[in-house]
Amino acid sequence: DEGGGAGEGDAGITLEQILALKERFDSADQDGGGSLDMQEFMDAFGSIINKDGSMTQEQIARLFMQIDANSDGGIDWNEFSTYMLMESQSSGTVKTHQVANFFLPDPLGKKADPDWFHRESADCMLIDSVGGQYLTASKDGTMRLWTASSMQLAKTIVTGQSWILAICWLTRSARLVVSTADRKIRFYDVHTWEQVVEVQLQSPAFCVCSWTYGEAELLAMGNEKGEVTVIDISKGLKEVRPTGKEKKQKKRPDYWNDSVTKVVHDGFIEQMEMVEDLGGLVTCGADSAIVIFEYPLQSDPNHKDKIIPRRILKHARGHQKGVKCFQWVQSHKLIVSGGLERQVVIWNPYTCKPVVSLDGHQSGIAQVQVNAEFEQVISLSTDGVVKVWDLRNNECLQSLSEGENLREKGARNTSMVYDAARHRLITCGLCPHKWTINPQILTSTTDVTHRSPVVAALYNKNFGHVVTVAEDSEVTIWKPTTGNQVFNFVDQDRDAETFLSAAAFDDNGRRLLTGDHHGRVRVWNFSNGACIKTLVKPTDAYRRQEITGLTMYQYEETRFFAASSWDRKISVWVDDSNDSGTVDPFLQIGGNDDDILTIAFTYPKILATGASDGCINMFDIESGARRLSMACTKPPSTGNTPRQTGSTTAELSNMQYVEKVIFLEQRNKTVVSVGGDGHIRFWEGVWMEQSPPSLQSSMLMSRLAVVVPSGHWPEFGLVETDSDDANKVLVTCDEGGYIKVWDISGYDWQAPSASQVRATAFWRAHSLTISAVNLIPAPADNPERGVLLLTASADKRVLLWSADGVLVGQFGQASPWDVENPSTWAAGHSSDILSDVLQGLFSVMSDAKAGEDGDDEEERDILRELDDRLRKKPSSSVQFKVSPMKQLPAELPSRKGKKGRDYEVDLLTGDRVYKNAPPKKNAVGEERQRPPMSQYLKHFAKKLDPDNVVGGTRDEKDANAREVRVGTPNAKGQ
């Protein structure tokens with residue numbers, strides 16, 4: 001073992017051994033300085049730690065650096081004894097305990113501000129996985145966003161005075177669908193939380209759900225008549241304006257361009273979900289049935305308004321009354337449902353028969369959730385009691401209630417959601433309440449690396465180890481050569497409200513820095529899990545504390561820590577080896593106009609930040625002043641440019657986020673940035689060691705040298721990038737879990753060109769967004785192997801890949817691998833799809849050239865077909881993306897602070913006519929030519945203007961006017 005032989009006994013280190021070590025330590029300190037340098041350490045303990053002579057000098061140096069917690073080049077007694085105790089404790093066996101309670105209540109939940117509460121109960125709740133928030137919707141007509149980290153109220157959205165009946169996400173369109181009791185469907189932008197569209201329905205929608213079907217995004221609604229309406233949201237709304245006469249009709253006009261309505265149940269539809277494993281849409285209703293039917297809907301030939309169901313779950317041993325809720329248990333291939341009978345029924349959907357019923361509730365079941373990792377079903381009854389059931393033995397593990405203090409306020413639980421990413425259950429009455437999994441419960445999960453989303457995966461060159469950091473503060477050290485775990489520790493002082501958000505090594509790679517949501521930076525000796533000190537920063541007025549980036553640098557003789565955060569500032573602390581406990585910042589650097597997303601440093605004294613407004617700012621660390629700012633403007637729409645077609649100006653502004661900035665030290669400190677618009681940008685400027693030729697002949701301080709479209713999928717923006725030490729390989733990662741490897745060995749900073757950046761491999765590494773990527777260099781004795789890619793994701797996995805897309809293994813898997821022996825790797829072939837995409841592209845383009853010339857639309861159809869066939873696009877549940885609902889009405893609610901409208905709406909066409917707009921090229925005379933009218937508008941116009949006075953040409957209008965003057969007598973009878 002590289003860590004030496006210290007602390008190998010199972011019984012732990014004894015007091016006698018400590019005293020003997022102290023005596024030997026003091027005798028080795030020849031200069032009386034209180035610490036041992038490398039030579040003194042070897043003289044004192046070399047015969048113990050290397051008694052068999054098997055350790056190399058490099059391994060002994062690594063052990064010395066592990067014990068030297070503050071990286072000052074010496075080991076004092078405190079460091080030495082702490083390391084010995086930590087090694088002794090970590091080598092002992094861990095005992096398991098029988099846990100009485102699976103979920104534990106949040107002790108801070110009782111301190112919630114009453115002003116945050118809903119006025120009426122919240123019957124709907126969703127998880128915003130991207131924003132890290134919970135959304136509750138209430139009968140009081142409001143929706144409220146709560147931060148997942150602190151459970152504090154972040155935003156209140158008022159929809160009106162009517163009850164909110166149902167809500168769901170439109171993931172591809174980045175919209176929230178809200179159904180209210182006043183028979184309206186509202187669409188909200190999930191980025192601005194402003195209402196985009198409002199549609200009046202004939203009947204209120206009591207449940208809604210959405211899914212994707214090929215290129216279409218579908219929305220389904222169920223009402224009290226048992227009707228299911230399926231709408232193709234991607235085709236938008238009809239541009240119709242109902243007249244007053246039509247408003248009086250019993251049936252309102254169909255606003256949807258593509259929709260179908262069929263009767264499924266006899267009475268209310270309570271819930272519906274698309275279950276792809278069952279091949280269709282699943283609904284439950286007041287007729288005590290659970291119905292599974294295919295999409296597209298198959299009409300009943302005998303009853304045109306009904307469908308042919310695929311399966312109906314209705315049995316004498318099942319529900320006899322209405323079914324209120326259900327959930328699909330994918331691991332067991334079962335459906336769990338609840339209704340008015342006070343029992344939870346588990347169904348086999350393939351035989352349409354119940355398997356077992358779980359009894360124990362005193363009231364009807366209002367909602368069920370599934371904890372797949374622990375094979376549990378969680379049920380909520382109408383009296384507010386939550387029960388946790390074990391699917392393996394069908395027993396009730398625990399019953400949860402809201403507590404007497406909340407019951408007195410009328411806050412019984414009315415909704416709940418299980419957050420699998422954070423291992424917690426959220427229940428809500430008037431405000432959300434958090435229940436966390438008991439930390440004593442030891443999980444045996446083997447299909448993930450950590451139990452919570454991974455924040456960082458770092459390769460340490462000094463120790464040759466991989467360090468992974470999870471959101472729940474778990475830090476694990478691994479050997480990349482085998483995948484074996486070396487050491488593991490957690491932050492013992494962390495409370496349930498603290499989640500890590502960033503991590504990095506110090507400049508020597510000797511210490512680990514972690515930043516959390518509360519603005520704290522902790523400095524660790526990651527070799528033994530000892531916390532050296534905690535760096536804190538002032539709280540700003542808006543409590544924007546989350547750390548977004550960490551780095552460390554040395555200026556002159558002093559070393560500094562630097563951290564960026566949501567308060568748009570860079571906090572700087574002095575690294576003093578004598579500091580311990582809590583340390584306040586040395587200074588705070590302002591100058592960023594928006595949220596800082598990334599931070600990077602290059603010598604001698606340049607600190608760079610990337611922000612959500614698309615700006616890269618350069619700061620002088622000596623003065624703290626901002627020296628220059630570079631803006632990521634929209635590139636020209638040429639080539640394969642992701643996330644631009646059909647995007648509005650507001651959506652493009654979200655795509656300019658600078659997610660990552662790095663310096664290519666071996667390319668004259670060229671700056672590389674990636675962001676939400678899917679482009680790789682290479683920057684040059686005055687920070688470079690040698691002034692580039694393009695700047696020598698100009699007065700510019702910086703310049704965008706090259707813009708390279710990444711060619712990742714249009715839905716996903718770039719979130720991570722990294723390069724090797726020689727700056728010959730560049731890696732980009734996106735929100736969908738895809739990785740692309742680039743060859744930049746030919747990049748010439750003196751004459752940069754996009755052709756010098758060449759893609760070599762492209763594959764999907766993770767199912768969710770990639771949170772970190774790091775390159776592991778090839779060993780000096782085997783340079784042929786090439787670099788390895790270390791990737792981490794929100795899917796809780798950390799993977800090791802070859803540069804051509806072959807999976808070496810997952811850290812935490814049961815069997816180790818040998819990185820030098822490909823036969824032991826997890827995959828025997830590459831996952832690269834880049835060559836397939838290129839080959840398919842050449843094939844399609846050659847076929848198009850051989851045939852007749854087609855229009856642009858035909859070419860786009862060919863490329864879409866190529867996408868579907870080759871690109872293997874992921875499901876829509878991965879992330880929310882900025883992708884607009886096309887063909888929606890252009891009239892949007894005006895925002896506060898905007899100027900009054902400068903247009904009028906044409907009464908016939910409903911089109912906007914701007915007052916100061918220049919005449920269009922296709923204008924006839926001085927009048928603007930109207931677009932062709934739909935059949936509905938032509939009929940409506942004919943009734944208003946039977947003589948076609950308004951709609952005719954100028955000659956026709958003059959003739960009609962003369963005809964009117966001749967045929968109509970005036971008041972005098974003339």
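Visitor: Which residue is the bridge partner of T534 in β44?
Guide: The partner is T582, which lies in β44. Please bear in mind that this is a predicted model.

Visitor: How many bridges join β40 to β44, and how do the two strands run?
Guide: There are 3 bridges between them, and the strands run parallel. Strand β40 covers residues 530–535.

Visitor: What is the strand order of the sheet with β40 and β44 in it?
Guide: The order is β37-β38-β39-β40-β44. It is an open sheet of 5 strands, and the pairing is mixed.

Visitor: Which strands stand at the edges?
Guide: Those are β37, residues 500–505, and β44, residues 581–583. Each has a single partner strand, so one side of each has no neighbour in the sheet.

Visitor: And by how many degrees are neighbouring strands turned against each other?
Guide: On average by 25 degrees, with direction ignored.

Visitor: Now to annotations. Which residues does the "repeat: WD" annotation cover?
Guide: According to the unreviewed UniProt entry, that annotation covers residues 118–156, 316–348, 358–399, 447–488 and 500–534.

Visitor: What is the helix and strand content of 500–534?
Guide: The span is 0% helix and 60% strand, and its end C-alpha atoms lie 14 Å apart.

Visitor: How far apart are the end C-alpha atoms of 316–348?
Guide: For residues 316–348 the distance is 14 Å, in a span with 58% strand and 0% helix.

Visitor: Changing topic: how many disulfides does a search of the whole structure find?
Guide: The search finds 0 disulfides. As one case, C207 is in no disulfide, and the nearest cysteine sulfur, that of C209, is 7.4 Å away.

Visitor: Is C207 buried or exposed?
Guide: C207 counts as buried because its relative accessibility is 4%, where the cut-off for buried is under 20%.

Visitor: Finally, what share of the contacts with a separation of 6 or more comes from residues 24 or more positions apart?
Guide: Such residues account for 50% of those contacts in the protein.

Conventions:
Residues are numbered from 1 along each chain as its sequence is written. This is a predicted model: local features need pLDDT of at least 70, side-chain atom pairs count only at pLDDT 80 or more; totals for chains, interfaces and linings use all residues. Side-chain values use heavy atoms; hydrogens and water are left out. UniProt positions are given in the numbering used here, feature names are shortened, and annotations may be inferred rather than shown by experiment. Helices (H or I, at least four residues) and strands (E, at least two) are DSSP runs, numbered from the N terminus. A disulfide is a pair of cysteine sulfur atoms within 2.5 Å. Buried means under 20% relative accessible area, exposed over 50%, partly exposed in between (1.4 Å probe, protein chains only). Two strands pair if DSSP finds at least two bridges between them. Axes are lines fitted to C-alpha atoms, for helices over the stretch in contact, and angles run from 0 to 180 degrees between N-to-C directions. Contact means heavy atoms within 4.5 Å.
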